[in-house]
Amino acid sequence: MKIVVLTGAGISAESGLATFRDADGLWEGHDPMRVATPEAFAAEPDLVHRFYDQRRARLARVEPNAAHRALARLEASVGDDLLVVTQNVDDLHERAGSERVHHMHGRLRSAWCVACGERHDWEETLGDRPPCPACGSASLRPDVVWFGEIPYGMDAVEEALWECDLFVAIGTSGQVYPAAAFVHWARHDTLELNLDASSTSSDFAQARRGPATELVPAWVDELLGSA
Ligand code: APR
């Protein structure tokens, strides 16, 4: 059985990373149009760098949770039949042991040089304008997909959704496209695992409510017949 799992900020909430649209979410404290668009970066680069430097520092202080680990366990069992497509820019899937992870919105621990185009694994700050390790230019930006930019690798994602037997969405509000349309690109079975109802809950064949650290391990146990 080929499975595509889409994850959103909700899967990392219990690790201590804020979601975007919940009560204490990132977009409560920040205007996304001032910190997450290419126009904002051109107009106020210090503000944008500060926003991502703080998130990168926070990421270093958190750990994957039981939901991330359950997906890594599933991958260990079904191998290439599982693809995790994440909207998240954190690396908690990989730190939990998942390898088949596609970051459609980029990665917080990656810097992209807009002068030479090179990308670099990056754990430190960018606000102090460090030189690009490849070309030396002080032109590094966070390697994340901002509003108005095209998500990474959509052709491969669309193909995987077309071919999968089961599509599962975990911890996402279904408010941002193209991810919110994936349930319509999948042709067969669909399942939503989310704390609250999302904007697309009624489009799923089945929806389960609860925290990801409970729902995801239970679903993986069920799938692997160890429930
Ligand atoms: N377990 C399961 N689901 C949870 C949990 C939890 N512990 N906590 C919150 N959720 C659910 C919420 O109910 C909500 O539906 O996670 C969802 C989080 O929604 P958003 O904050 O909108 O995050 P997401 O859907 O990932 O945002 C999509 O929007 O801002 C952009 O690029 C950013 O990738 C992001 C995209």
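Mentor: Ala, Val, Leu, Ile, Met, Phe, Trp, Tyr, Cys and Pro count as nonpolar, Asp, Glu, Lys and Arg as charged, and the others, Gly among them, as polar. The model is predicted: local features need pLDDT of at least 70 and side-chain atom pairs 80 or more, while totals for chains, interfaces and linings use all residues. Residues are numbered from 1 along each chain, and side-chain values use heavy atoms, without hydrogens and water.

Trainee: Which element gives the largest share of the lining of the second largest pocket?

Mentor: By class, that lining holds 8 nonpolar, 2 polar and 5 charged residues. Strand S1 (3–7), strand S2 (82–86) and helix H7 (154–163) each supply at least two residues. The largest share is 4 residues, from H7.

Trainee: Is cysteine 113 buried or exposed?

Mentor: Cysteine 113 lies in strand S4 (residues 106–113). Leaving out residues up to four places away in sequence, it touches (heavy atoms within 4.5 Å) Glu118, Cys132, Cys135, Ser139 and Leu140. Its relative accessibility is 0%, so cysteine 113 (cut-offs: under 20% buried, over 50% exposed, partly exposed in between, 1.4 Å probe, protein chains only) is buried.

Trainee: What is the relative accessible area of cysteine 116?

Mentor: Cysteine 116 sits in the loop between S4 and strand S5 (119–121). Beyond four places in sequence, cysteine 116 touches Cys132, Ala134 and Cys135. Cysteine 116 is partly exposed, at 34%.
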